[in-house]
Amino acid sequence: MIRIQKCVNFNQAQKIFGFDETSYIGKVSFPAIQAAPSFSTSFPHLFGNRKIPCLIPCAIDQDPYFRMTRDVAPRLNLPKPALLHSTFLPALQGAQTKMSSSEVNSAVEVCDTANQIKKKINKYAFSGGKVSVEEHREFGGDTSVDVSYKYLEFFEEDDAKLAKIKEDYESGALLTGELKKILIEKLQGIIKGIQERRALVTDATVDQFMSRSPKS
């Protein structure tokens, strides 16, 4: 981290992150902390002195940190990390809101029961449907804002099936309740699988994963 900090002056950091005279030193020093794990040499107990390129999946809001990291890398004689920009999964209440740990109904959690998943989707998932069945049948729903459809874009792996859902919903053939039912069943299956695999994890599994032994 110190080597990275020596490569970025305060003027550069101001331009990248918007720091000013009111910024605390903890905030100013954080970019170097964020950048350091991008380099395999930060983990000599795992990788020795090998210079291994790093692929970083991240949301677009993290981009400035790793653009700075890529600028710094050549000066440290280290490979530049590559970025894979990920799309945000919206909160249940819609794209204009954010998931929050303080609002349990803003997201489906991996510890939720099948009934909790059903309740959250039915009650809180923002709908792109019309106000009445008749109007929906005539004009169809809006998949660009419908949270259930947005979630299926992430979790439905069958492209043909997803395209049919989109077509049916936008034409009015598929109602909001029916779309939510599709998502509920999809999420219940995924989360059940996660919970079953998680139940198999023992303290020995965790110890092995956290081991400081060298990685091949």
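The stops below cover a helix pair and several salt bridges in this predicted model.

**The helix pair.** Select residues 147-155, helix α8, together with residues 159-171, helix α9. Their axes come within 10 Å and cross at roughly 170°; angles over 145 degrees count as roughly antiparallel, and α8 and α9 are therefore roughly antiparallel to each other. The crossing of α8 past α9 is left-handed. Next, show the side chains of Tyr-149, Leu-152 and Glu-153 in α8, which meet Leu-162, Ile-165 and Lys-166 in α9. By class, this contact has four nonpolar residues, two charged and no polar ones.

**Within α9.** Remain on helix α9 and select Lys-164 and Asp-168, which lie four residues apart, about one turn of the helix. A salt bridge joins them, with the closest N and O atoms 2.7 Å apart. Lys-164 is partly exposed at 44% relative accessibility, whereas Asp-168, at 18%, counts as buried.

**From the loop to α10.** Where does the partner of Lys-186 lie? Select Glu-156, in the loop between α8 and α9, and Lys-186, in helix α10 (residues 176-199); the pair thus ties together parts that are 30 residues apart in sequence. The closest N and O atoms of this salt bridge are 3.3 Å apart. Glu-156 is buried at 8% relative accessibility, while Lys-186 is partly exposed at 25%.

**A buried pair.** Finally, select Lys-120 and Asp-112, whose side chains form a salt bridge (2.8 Å, N to O). Both residues are buried. The model has eight salt bridges by the rule applied.

Terms used
Residues numbered from 1 in each chain as written. Predicted model: local features only at pLDDT ≥ 70, side-chain atom pairs only at ≥ 80, totals over all residues. Heavy atoms only, no water. Axes fitted to C-alpha atoms, helices over the stretch in contact; angles between N-to-C directions. Helix = DSSP H or I, 4+ residues; strand = E, 2+ residues; numbered from the N terminus. Parallel < 35°, antiparallel > 145°, perpendicular 65-115°, else oblique. Left-handed = near helix turned anticlockwise from the far one by under 90°. Contact = heavy atoms within 4.5 Å. Nonpolar A, V, L, I, M, F, W, Y, C, P; charged D, E, K, R; others polar. Salt bridge = Lys/Arg side-chain N within 4 Å of Asp/Glu carboxyl O. Buried < 20%, exposed > 50% of the residue type's maximum accessible area, 1.4 Å probe, protein only.
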